[in-house]
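Hi! Here's the structure I promised to send over.

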Amino acid sequence: MKISAKITAPLALAAAFGLGTVSPHAQTTPQKVGFVDVAKLLAAHPADKEIQEIQKKADAELGAIDKQIKAIDAKGTAATAADKQTRETLVKTIQSKADAYDKQMQPKIAVVEKAVDTAISAVAKSNGYGIIMDRDVASKSGLVIYADATAEITDAVAKAVK
């Protein structure tokens with residue numbers, strides 16, 4: 001009796017799956033899970049103050065320009081050609097200034113993020129954690145409903161942030 005490939009392929013797959021579920025697997029140790037408040041850790045870095053100062057300066061300057069744009073927009077169809085030209089100039093100005101502020105902050109933000117990531121990794125490894133999650137993301141996403149308070153390692157990581 002000949003057995004066709006159409007019959008043997010599903011049988012082979014079922015057999016492999018069945019044997020995989022029957023054969024004993026090596027026991028894996030459960031992963032220790034920890035949680036951190038990433039926003040708090042970013043704020044704990046010394047360079048965060050400088051980033052916040054730049055952000056405040058940007059908000060003040062760009063906010064003033066944005067108010068001018070909104071005032072022209074509020075005129076609606078009553079806006080003159082000069083108003084429209086002024087608005088175009090203001091939009092270009094706000095975009096270029098926003099880009100300039102971003103260029104100032106990006107290198108500083110990158111340093112802070114790297115330092116926080118390094119601190120999280122170091123504390124996690126030294127305390128036997130296999131997984132570290134952002135507490136806010138985990139709770140807002142519904143991924144984690146409950147976590148024991150001992151899983152919180154934000155303070156330990158904040159001490160390690162340089």
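Let's start with R135, which is partly exposed at 34% relative accessibility (buried means under 20% relative accessible area, exposed over 50%, and partly exposed in between, with a 1.4 Å probe and protein chains only). Keep in mind that this is a predicted model, where local features need pLDDT of at least 70, side-chain atom pairs count only at pLDDT 80 or more, and totals for chains, interfaces and linings use all residues. Residues are numbered from 1 along each chain as its sequence is written, and side-chain values use heavy atoms, leaving out hydrogens and water.

R135 makes a salt bridge with E152, with 3.5 Å between the closest N and O atoms (the term means a side-chain nitrogen of Lys or Arg within 4 Å of a carboxyl oxygen of Asp or Glu). R135 sits in helix α5 (residues 135-141) and E152 in the loop between α5 and α6, so the pair ties together parts 17 residues apart in sequence. Helices here are DSSP runs of H or I with at least four residues, strands are runs of E with at least two, and both are numbered from the N terminus. E152 is partly exposed too, at 32%, and a network of salt bridges links D37, R135 and E152.

The structure has eight salt bridges. Another one joins D155 and K40 (3.1 Å, N to O). D155 belongs to helix α6 (residues 154-160) and K40 to helix α2 (residues 38-44), so this pair connects parts that are 115 residues apart in sequence.

Overall, the protein has six helices and two strands, in the order α-β-α-α-α-β-α-α from the N terminus.

Cheers!
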